[in-house]
Amino acid sequence: MMEEDLKIKIQLINPHIVCSMCAGYFIDATTITECLHTFCKSCIVKHLQSSKNCPQCGVKVHETQPLLHLRPDRTLQDIVYKLVPHLFESEEKRKEEFYNSRGFETQKKGQVLAGVIEKKSGPKLSCILSIPNAHQFKFDEKICLCLERYSMHPQHFFSHSFTLPKLEKKFLRCSARVCVADLKQHLYERLHFPSHFNLLLMCGAEELQDDMSLKQVYLMNWSPRGTPMFIFYTVSSAVS
């Protein structure tokens with residue numbers, strides 16, 4: 001017996017994909033790193049020109065350079081375009097009308113726009129959405145990270161002495177949806193940790209919870225530092 005497709009009314013999802021400032025669906029979804037609230041890029045940039053606080057929770061973004069604490073949320077934007085019919089095409093048409101109304105030609109790959117040679121752009125989102133397997137990780141935003149051992153010195157647990165092994169290939173590039181629990185599984189398989197040891201991952205001197213995604217770790221513990229993001233592994237104590 002075949003399972004029926006689950007149908008959900010889009011109005012039930014609206015609170016998660018609608019900008020609280022303009023009450024429209026996210027366009028160029030942009031997240032504040034200090035509180036993780038998301039808005040349309042144009043909405044939050046315009047707001048921060050006159051205020052330094054998040055319009056939703058009031059937390060101070062930054063005293064002098066709030067725009068440096070904004071990050072594009074491409075994964076969320078892809079979800080919005082996939083959920084809302086014709087939103088992407090409608091936005092592209094609005095951009096075309098905007099340029100035409102000001103006497104500019106529509107931007108196209110390799111075309112000269114207003115006397116300036118446009119750089120070669122990436123693939124249009126529509127060519128991703130047209131792929132049936134677009135939900136797979138290979139289409140996600142990627143995060144580069146480095147897995148380092150927290151200490152090279154032996155650690156003592158009761159009558160045992162244990163030295164953290166070193167990864168041969170410590171640099172990874174993976175989906176922003178990957179969870180901390182997945183990284184732990186990767187380390188257990190590569191380094192053959194004894195099962196009676198409890199493996200911990202840390203970033204920015206804080207222990208990471210298993211259900212955190214790399215996107216959350218990056219925004220909450222690493223940003224705005226550069227790439228790669230360093231995550232340290234250690235064993236906390238022997239588990240019974």
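How many helices and strands does the secondary structure of the protein chain come to? The chain has seven helices and 12 strands, helices being DSSP runs of H or I with at least four residues and strands runs of E with at least two, numbered from the N terminus. This is a predicted model, in which local features need pLDDT of at least 70 and side-chain atom pairs count only at pLDDT 80 or more, while totals for chains, interfaces and linings use all residues. Residues are numbered from 1 along each chain as its sequence is written, and side-chain values use heavy atoms, with hydrogens and water left out.

Of the 240 residues, 34% count as buried, a term for under 20% relative accessible area, with exposed meaning over 50% and partly exposed in between (1.4 Å probe, protein chains only). The largest nonpolar core has 26 residues; such a core is a set of buried Ala, Val, Leu, Ile, Met, Phe, Trp, Tyr and Cys residues joined through side-chain atoms within 4.5 Å. L145, L187, L214, M229, I231 and Y233 touch the most other members. Strand 6 (142-149), helix 6 (180-191), strand 10 (197-203), helix 7 (214-222) and strand 12 (229-238) each give two or more residues to this core. Another core, of 21 residues, lies apart from it and includes F26, C40, C43 and C54.

Helix 3 (residues 74-83) has L76, Q77, V80 and Y81 as its buried residues. Seen down the helix axis, they fall within an arc of 135 degrees, so they line one face of helix 3; the arc is taken over the directions from the axis to the C-beta atoms.

The whole structure holds eight salt bridges, each a side-chain nitrogen of Lys or Arg within 4 Å of a carboxyl oxygen of Asp or Glu. One of them joins R74 and E141 at 3.9 Å, N to O. Because R74 lies in helix 3 and E141 in the loop between helix 5 (126-129) and strand 6, the pair ties together parts 67 residues apart in sequence. R74 is partly exposed at 48% relative accessibility, whereas E141 is buried at 19%. R74 and E141 are also linked with K215 in a network of salt bridges.

A further salt bridge pairs R94 with E91, their closest N and O atoms being 3.4 Å apart. These two residues are separated by about one helical turn because they stand three residues apart in helix 4 (residues 87-101). R94 is exposed, with a relative accessible area of 54%, and E91 is buried, with 12%.
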